[in-house]
Amino acid sequence: MDIANLETINIGIVGHIDHGKTTLLQHLSGKWADTHSEEQKRGITIKLGYADAIIKKEGDKYTTDPESKGEPVRYITFIDTPGHEMLMATMLSGAAIIDAAILLVSASEGIKPQTREHLIALEAKNIKNIIIAQNKIDLVTKEQATSNYKQIKEFVKGTIAENAPIIPISAKQGVNIDKILEELCKIKIEKKDENAKPLLLIARSFDINKPGTELKNLHGGILGGILKKGTLKVGDEIEIKPGLSQKKHNEFIYTPIKSKIISIYKGHYKVDKATPGGSIAIETELDTSLTKADSLAGTVASTIGGLSDTTNFIKLQYDLFKNIAGEDKVINPIILNETLMLSVNTSITVGIVSKVSKNEVELKLKIPIVPIKEDSIGISRNVGGHWRLIGFGKINL
Ligand code: GDP
Ligand code: MG
């Protein structure tokens, strides 16, 4: 199978907590995404979960069963996001790397605050390809399902998801999962620029060596993420920014890192080069102590010279919402010296407002970022002890 050239897309699974995102992901891909032990204990997704699958067509049925002899249609990376309000920033870092989304709404609970917040985020990130899954259909009567359908229709009216298909499913019982796969194969995605300077958004980093591995068999540090544009090849020299963080005199200093690509993986498949789309993992020459436990998550990589300089200072054109999503709490204007949390690509940073006007704000950042023009940045404020999304901004270079 020619995996490197199979059409590849990233699908985010979003929606309120407990509406069935992780269960659906398991059915779509045959895997559990909640792999971190704390997540299993608490039964919620804290970090982004990933699972890759190949959708095949068998007659007129779509399947991700690895045993299927059907024709491969698409390579999909599913990204499971947390639905908990406190983890909205992580959901946003997921939204930074997806082409399309499945928005789950539990038929038994209906539209909830994070259903709203997530749809707002999809709108801000301009993710037009949305499939709505009306989940837990096994728990409701026909009348309840119809009234929930109407509620969903009302909810999406006038939004980016206005014409999104609504598919009734039971993630738990595996009902109508093939319909979701069929919709996923219909999504048209814009061809991304393979000739641009590469931009790899790093969402995780790790060490794959088992304790006791012999020196000659040791692997270098692994970076996992999404190639937004350009092409990366085995042997390429790369740079990673902001890079390595070290604490000096109570302040974090960041040093860009250079390395070389030893191998590239797409799911379980080893490939020679990666083009945009789908999640990839690259093995580098880096010492694994630099990549373990997601220490480089939130950084970006390119070939040497492909990234602009890291900065501790940004200027944003911004728009605030009227209310906190799902509540009637009014959002007050941004004020001088207040602390805001920013979701920039896959990274999260905190900034202090140093200047603010009606539509422009300047912030001094705790963790520096690599500014990318026109990038949509989520702005959150601490409201009653929780970080709540209050608006979006665009970087003004
Ligand atoms: P998440 O927080 O959105 O990831 O939700 P989970 O996938 O963790 O599901 C939350 C709970 O709902 C779990 O107990 C699931 O077993 C249950 N659940 C998920 N989908 C369905 C469904 O279609 N029907 C029923 N009855 N329960 C479901
Ligand atoms: Mg979950």
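This is a predicted model: local features need pLDDT of at least 70, side-chain atom pairs count only at pLDDT 80 or more; totals for chains, interfaces and linings use all residues.
Local features need pLDDT of at least 70 and side-chain atom pairs count only at pLDDT 80 or more, while totals for chains, interfaces and linings use all residues. Residues are numbered from 1 along each chain as its sequence is written, and side-chain values use heavy atoms, with hydrogens and water left out.

**Salt bridges**

The whole structure holds nine salt bridges (a side-chain nitrogen of Lys or Arg within 4 Å of a carboxyl oxygen of Asp or Glu). Among them are these:

| Pair | Closest N and O atoms |
|---|---|
| Lys-61 and Asp-178 | 2.9 Å |
| Arg-388 and Glu-117 | 3.7 Å |
| Glu-214 and Lys-216 | 3.6 Å |

Helices (H or I, at least four residues) and strands (E, at least two) are DSSP runs. Lys-61 is partly exposed at 48% relative accessible area, whereas Asp-178 is buried at 18%; buried means under 20%, exposed over 50%, partly exposed in between (1.4 Å probe, protein chains only).

Arg-388 in strand β22 (residues 386-395) and Glu-117 in helix α4 (residues 113-124) are 271 residues apart. Arg-388 is buried at 4% relative accessibility, and Glu-117 is buried at 1%. Glu-214 and Lys-216 are both exposed.

**Second largest pocket**

A pocket is an open set of points on a 1 Å grid over the protein atoms alone, where a 1.4 Å probe fits, with protein on both sides within 12 Å along at least five of seven lines; lining residues have an atom within 4 Å of a point. The second largest pocket has about 890 Å³ of space, the volume being that filled by probe spheres set on the points. Its lining has 30 residues, with Ile-98, Asp-99, Lys-125, Asn-126 and Lys-228 nearest the centre. Strand β9 (residues 222-229) gives the largest share, four residues.

Definitions and conventions. Chains are lettered from A and ligands numbered from 1 in the order in which they are written.
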